[in-house]
Amino acid sequence: MFLVFSAPPVAHDWHDTNAHRALVKKAFDGLPWRTAELLATLDGARDLYFDSISRVTVPRWTSGRVALLGDAAWGVTLGGMGVGTGLVGAYVLAGELAAAGGDHRVALPAYEARMRRCAGRWQKGANPGQFLAPSTATRLRLRNVMLRRSAVRRLLLAGTASVAAPGGLPAYDG
Ligand SMILES: Cc1cc2nc3c(=O)[nH]c(=O)nc-3n(C[C@H](O)[C@H](O)[C@H](O)COP(=O)(O)OP(=O)(O)OC[C@H]3O[C@@H](n4cnc5c(N)ncnc54)[C@H](O)[C@@H]3O)c2cc1C
């Protein structure tokens, strides 16, 4: 099961699985269909993964010798872009360091500039939380229609593939 719901920020212990079970049950309590039966399986589930879809926007991805990479930097997670952009970021960071002979003062700004062009565009507007847990009935219907259409799924997969192998990346020596 993959369950998504919208909520204000909740203070809780991230290691307390029972608290997570209670939060999920509270969010879906009383809903029709097989909801009660599905929620009951939570008690026996040993592999519950619980997280919030949220993002802190950081103004810079590099500072001195420190570089943020992947979710820690751009956080385009859950839109099908997280793994691809993370791997591309690792490639560009290693490549720029090699190209600059290890000089971080040259390599890190070059890495950030390139990744702003590549990952930065996915940050604008993309909000998988709003798509997955819509706030109106119309948006809910739209989401369901989109997820059922094979053409839309193909489009999403094509987007994921293009993120993982974007054009215009330099072929760094070595
Ligand atoms: C439910 C879900 C579904 C997703 N589906 C997709 C998908 O279909 N396609 C896609 O491309 N992406 C998807 N993503 C996003 C993708 O998983 C992330 O974008 C990707 O894992 C980011 O990689 P990362 O290396 O930046 O961070 P992470 O994978 O989070 O790796 C960070 C690592 O650092 C470790 N760590 C944290 N703090 C410390 C510390 N102090 N010391 C040492 N280690 C530490 C963590 O344990 C973790 O292993 C999904 C994410 C979720 C949650």
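Student: How far apart do the C-alpha centres of domain 1 and domain 2 lie?

Tutor: This is a predicted model. The domain assignment gives domain 1 (1-52) and domain 2 (59-174), and their C-alpha centres lie 29 Å apart.

Student: How much space lies in the largest pocket?

Tutor: Rolling a probe the size of a water molecule over the atoms shows where empty space is left. Here the largest pocket holds about 1200 Å³. It is lined by 39 residues, and Leu3, Phe50, Asp51, Ser52 and Ile53 are the closest to its centre. Helix H1 (17-28) and helix H6 (128-132) are the elements that give two or more residues to this lining.

Student: Which domains does the lining of the largest pocket draw on, with at least three residues from each?

Tutor: Domain 1 (1-52) and domain 2 (59-174) each supply at least three residues. By residue class, the lining divides into 25 nonpolar, ten polar and four charged.

Student: How many salt bridges does the count come to?

Tutor: Side chains of opposite charge can pair when their charged atoms come close. The count here is five salt bridges. One of them joins Asp43 and Lys25, with the closest N and O atoms 2.7 Å apart. Asp43 is in the loop between helix H2 (35-40) and strand E1 (62-63) and Lys25 is in helix H1, so the pair ties together parts 18 residues apart in sequence. Lys25 is partly exposed, at 28% relative accessibility.

Student: Is Glu112, which forms a salt bridge with Arg116, buried or exposed?

Tutor: Glu112 is buried, with a relative accessible area of 11%, while Arg116 is partly exposed at 30%. Their closest N and O atoms are 2.9 Å apart. The two residues are four apart in helix H4, so about one helical turn separates them.

Conventions:
Residues are numbered from 1 along each chain as its sequence is written. This is a predicted model: local features need pLDDT of at least 70, side-chain atom pairs count only at pLDDT 80 or more; totals for chains, interfaces and linings use all residues. Side-chain values use heavy atoms; hydrogens and water are left out. On a 1 Å grid over the protein atoms alone, a cavity is a set of points where a 1.4 Å probe fits but cannot get out, and a pocket is an open set with protein on both sides within 12 Å along at least five of seven lines; lining residues have an atom within 4 Å of a point. Grid points are joined across faces, edges and corners, and a volume is the space filled by probe spheres set on the points. Ala, Val, Leu, Ile, Met, Phe, Trp, Tyr, Cys and Pro count as nonpolar, Asp, Glu, Lys and Arg as charged, and the others, Gly among them, as polar. Domain bounds come from an automatic or database domain assignment. A salt bridge is a side-chain nitrogen of Lys or Arg within 4 Å of a carboxyl oxygen of Asp or Glu. Buried means under 20% relative accessible area, exposed over 50%, partly exposed in between (1.4 Å probe, protein chains only).
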